[in-house]
Amino acid sequence: CRVRHYKFNVVMKNSTKLCSTKPIVTVNGQFPGPTLYAREDDNVLVKVVNHVKYNVTIHWHGIRQLRTGWSDGPAYITQCPIQPGQSYVYNFTITGQRGTLLWHAHILWLRATVHGALVILPKLGVPYPFPKPHKEIVVVLAEWWKSNTEAVINQALKGGLAPNVSDAHTINGHPGPVPNCSSQGGFKLPVQNGKTYLLRIINAALNEELFFKIAGHQLTVVEVDATYVKPVKLDTIVIAPGQTTNALITANRNSGKYLVAASPFMDSPIAVDNLTATATLHYSGTLASASTTLTTPPPQNATAVANKFINSLRSLNSKKYPAKVPLKVDRKLFFTVGLGINPCPTCKAGNGSRVVASINNVTFVMPTTALLQAHYFNIRGVFTTNFPGNPPHLFNYTGTPPSSLQTTNGTKVYRLPYNSTVELVMQDTGIIAPENHPVHLHGFNFFAVGRGLGNYNPKTDPKKFNLVDPVERNTIGVPTGGWVAIRFRADNPGVWFMHCHLEVHTTWGLKMAFLVDNGKGPNQSLLPPPSDLPKC
Ligand code: C2O
């Protein structure tokens, strides 16, 4: 193992897309930002220097951060933001992980443009559990707004419904050909006949789950969220914001150009744009003027296509990479996740009410001191430890909701003893409309042991749980009008954020945090904070 040093200069940069130019916040002037490479067991040090007028933090999405919560990055959860003119060194060791993850800004909506790939290679000399690809290609999917992202956040905070629809999706920063704006070329993936490539696909979009497919070629998925899976061959994958998927593709055509398409998946009545971002797989030797073989992306509400992919994922569960599913559960939790409407006399946009989101009817309020600091230094009055482990009201979650299901505001955490095993069932509710919520847990991977539609049944559903080879991830979709059950071991002391990775829902309050106590043994405590930890 070795030490890897990176420097992230957060700077403004003018960017032209969709025939208009605007200044955006970037890392090192790049969109998407630089790919960070490391190997399993490496110690990574990233010095982030803030040269812009906004507060900044960076999150290493999916990195376990074992005992190093200070380097996790969510603003006001594990650290105070890096203020303009300041810097902070994120310092973490990659333990027991290899694969594709992403890094992104974790404050307000800055991650719209501040994100990039994080590629963790296996330890030196350790092969992949699949044939070695000829080349590896990072594919970052994102969204683009013509207006300022700040204006978009303000619109969301005012609480109107259905705001914030982006103007385009992008593949490695390219929106692809756009009507009335012919100057934009799409991203090109050069391939050679007969060779196999590993695509490291990342959804860095703020608010949209995406389908991804390539004309005339199949994808063999070998890894998700930096955990190996049993290889599965499909035409279309679905990927939620925060999720990553590694897929092999064999260039088995002689020549030509083939369309690569990323299009939105949204199976609720809420409409999103249906802009498809495109790139082209370009066989070497093909003339630039050759026509492209097209493909039709699935319709926006193609739930069956999404389910087929999601249900096909299994942990590799080999001798070398066993699935360590907790079989005995110490703590059973049931969280409702969803949107709601609360009174807001001062809200002009929503006619006296605003859209909120909640977990177990708690709309999370961001503190002004970081929770991890408050925890470590025993600062009182920042959070309470009474986050409910069960919903306050029982109701038919997927049916017509009762009329008065207001949420309460609070900065509440759920406390877990060190090394306890947790089963958490997350149930979508249809208070406004049922919707798919990709929920991300910081500090842990978890096993997705069960998933279903309708209301979770605690008597019959657990009998169907997969405790042998469930997929292991860090971000999981709670299906529209359905539920998922996850299991994890609370072996990482600290304060760990959990939230919907659709940024608009996070903004509305679909978030909470777990506080995991220190263990009593050696190496079972949160490490002390670094001396350059930003102050609020
Ligand atoms: Cu990728 Cu808390 O986020």
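Strands (E, at least two residues) and helices (H or I, at least four) are DSSP runs, numbered from the N terminus.

Keep in mind that this is a predicted model: local features need pLDDT of at least 70, side-chain atom pairs count only at pLDDT 80 or more, and totals for chains, interfaces and linings use all residues. Residues are numbered from 1 along each chain as its sequence is written.

Now for the neighbours. Strands of a sheet pair through backbone hydrogen bonds, either parallel or antiparallel. Two strands count as paired if DSSP finds at least two bridges between them. Here are some of the pairs:

| Strands | Bridges | Direction |
|---|---|---|
| β1 (residues 3-17) and β4 | 8 bridges | parallel |
| β4 and β6 (residues 87-93) | 7 bridges | antiparallel |
| β9 (residues 135-144) and β12 | 7 bridges | parallel |
| β12 and β17 (residues 244-250) | 7 bridges | antiparallel |
| β7 (residues 99-105) and β8 (residues 115-121) | 6 bridges | antiparallel |

Valine 44 in β4 is the bridge partner of arginine 4, and valine 48 has tyrosine 88 in β6 as its bridge partner.

What about β12 (residues 196-203)? 7 of its 8 residues are buried, so the rest of the structure largely encloses this strand. Its leucine 198 is the bridge partner of glutamate 136, and arginine 200 stands opposite asparagine 246 in β17.

Strands β7 and β8 belong to an open sheet of 4 strands, in the order β3-β8-β7-β5, with mixed pairing. At the edges are β3 (36-39) and β5 (58-61), each pairing on one side only.

Finally, a helix: which residues of α2 (residues 303-312) are buried? They are Val305, Ala306 and Phe309. Seen down the axis of α2, these fall within an arc of 100° (taken from the directions from the helix axis to the C-beta atoms), so they line one face of the helix. On the other side of α2, Ala304 and Asn311 are exposed.

Notes. A residue is buried if 20 or more other C-beta atoms lie within 10 Å of its own, exposed if 12 or fewer, and partly exposed in between; C-beta atoms are placed from the backbone.
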